[in-house]
Amino acid sequence: MKEIRLNAICKKGREIQFDYEVHGEIARYFTGKPFVIEYPDCVETVPDSVACVPFVCNVLPIIWLTDSVLVLPELDKTFYESIPEFKKGYVEMFPEADFKGTIVVDQMVENHYSNTGKAAMFYSGGLDSVQTLISHLEERPVLLAVWGSDIQYENEKGWKLVHKVITDTAHRFQLQEGIIHSTFREFDNETLLGKSYAEQLKDNWWHGLKHSIGLLGHVAPYAWIHQINIMYFAATNCPADGKVRCASDPSIDNYVKFTDCNVVHDGFAYSRQDKVHNLVEFCKKKNEYFSLHVCWQSQSGSNCCYCEKCYRTMSELLAEGENPENFGFHNAKTGLKDMRYFLITNPPAYKNFWIDIKERAVENRKKVCKTQYYKEFKWIFNADFEHPETLRLPLSYIIRGRLGKLEVYQWLHKIKTKLTKGK
């Protein structure tokens, strides 16, 4: 029998710890580390049927893909009834995978609180979350963040920098913040799960299945304590991206519910470049800037200015005629010098984003020409991101010894091959 059984929920002060056991071959997908969540408030009054929602959300994908059984003493009825609805989104998104499994609940519990109209949102300081914030600022949403998501659970130094971005934003707009500290990325083996189901998912476990529902589950106890009715989850993709395999999608997020809180997948109508444009216009109107946190590469909590995500965001800002340093890219001056070399030697996987950047740069050519980094960015006007391997390499890289003979040969060979195929 492949089974995950939740035996008890230990609530002490601000902390929730889940006492569970795993039976059968699926035990290999768990690390043996405890699943512990620390909230900013005392959680002892949260009903067990609500307190268990974070655990359920994080094991559901495992239950589904391994066709296992999840046994629970009790569960919030609203959430339980929403599971088949958001599961449909996963089924449609991953037609090669079989979403099976069984949930056995001893007692279904109805939990309700007042219709307060209070809103909350996850805020990371990234572009997506900033878009959601400026769109719903009048609702005064609580800024929530989960330490243990992008910044590792024990990385205090990195978290301090991210937390500062959240705190500064909350203080600037006089909003409430709520920091949740969780080991939800350590109690299961995401790497092994991803390898085991790579063929069916064609994506990794975190991005494809876990991150959206895994994060949203953490909100249930907090929403109960603060009587939150709306939880905004910032969209990453947009309709122009087509069908994207991603755990965060309108077909999934918009159907997640618990107690009297509904989830809204927000900002889906906007492309990434649209979001940058909206941000720039907001900043001009308010005469103040946001310090963005977008970096995937750095665990320091700051933007490295040397990875694809940093280069892409800095370029999006430049395409709007803005200085990246005003938005938290403090190493832009040195980073942008190597951007062209980076994109040539590491062809961008997200080429549609770069196509949008070029189009907006062409539209805003006069503004772009006035930026202080025009020299480092002007090559984009002639770039062909449909064929990134044909990007022209600055002669200065060869002269300065930035490329070895092998790299030059490989680069020239790629261009020759492309041109030959085109004949």
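Q: Which residues does F94 touch, leaving out those up to four places away in sequence?
A: F94 touches F99, Q200, L201, G208, L209 and R245. Contact here means heavy atoms within 4.5 Å.

Q: Before we go on, what kind of model is this?
A: This is a predicted model, where local features need pLDDT of at least 70, side-chain atom pairs count only at pLDDT 80 or more, and totals for chains, interfaces and linings use all residues. Residues are numbered from 1 along each chain as its sequence is written, and side-chain values use heavy atoms, with hydrogens and water left out.

Q: Back to F94. Where does it sit?
A: F94 is in the loop between α3 and β5. Helices (H or I, at least four residues) and strands (E, at least two) are DSSP runs, numbered from the N terminus.

Q: Is F94 buried or exposed?
A: F94 is buried, because its relative accessibility is 0%. The cut-offs are these: buried is under 20% relative accessible area, exposed is over 50%, and partly exposed is in between (1.4 Å probe, protein chains only).

Q: And how far is F94 from K275?
A: Their C-alpha atoms are separated by 28 Å. Along the chain, F94 and K275 are 181 residues apart.

Q: New topic: salt bridges. How many are there?
A: The count comes to 21 salt bridges. A salt bridge is a side-chain nitrogen of Lys or Arg within 4 Å of a carboxyl oxygen of Asp or Glu.

Q: What does K202 pair with?
A: K202 forms a salt bridge with E96, at 3.7 Å from N to O. K202 lies in the loop between α7 (198–201) and α8 (205–217), and E96 in the loop between α3 (77–93) and β5 (102–109), so the pair ties together parts that are 106 residues apart in sequence.

Q: How exposed are those two?
A: K202 counts as exposed, at 52% relative accessibility. E96 is partly exposed, at 37%.

Q: What about R245 and E96?
A: They form a salt bridge too, with the closest N and O atoms 2.9 Å apart. This pair links distant parts of the chain, 149 residues apart. R245 is in the loop between β9 (230–234) and α10 (250–253). R245 is partly exposed, with a relative accessible area of 21%.

Q: Where do K164 and D168 lie?
A: Both lie in helix α5 (residues 156–172). They are four residues apart, about one turn of the helix. K164 is partly exposed at 48%, and D168 is partly exposed at 35%.

Q: Which residues are linked in a network of salt bridges?
A: R185, D188, E190 and K210 are.

Q: Now strands. How covered is β4?
A: Mostly: six of the eight residues of β4 (residues 69–76) are buried.

Q: How many bridges join β4 to β5?
A: Seven, and the two strands run parallel. Strands pair if DSSP finds at least two bridges between them. E74 has Q107 in β5 as its bridge partner. The chain goes from β4 through α3 to β5, and this β-α-β crossover is right-handed. That means the path from the first strand over the helix to the second runs clockwise, with the strands pointing away from the viewer.

Q: And β1 with β4?
A: Three bridges join β1 (residues 3–12) to β4, and these strands run parallel. I4 stands opposite L70 in β4.
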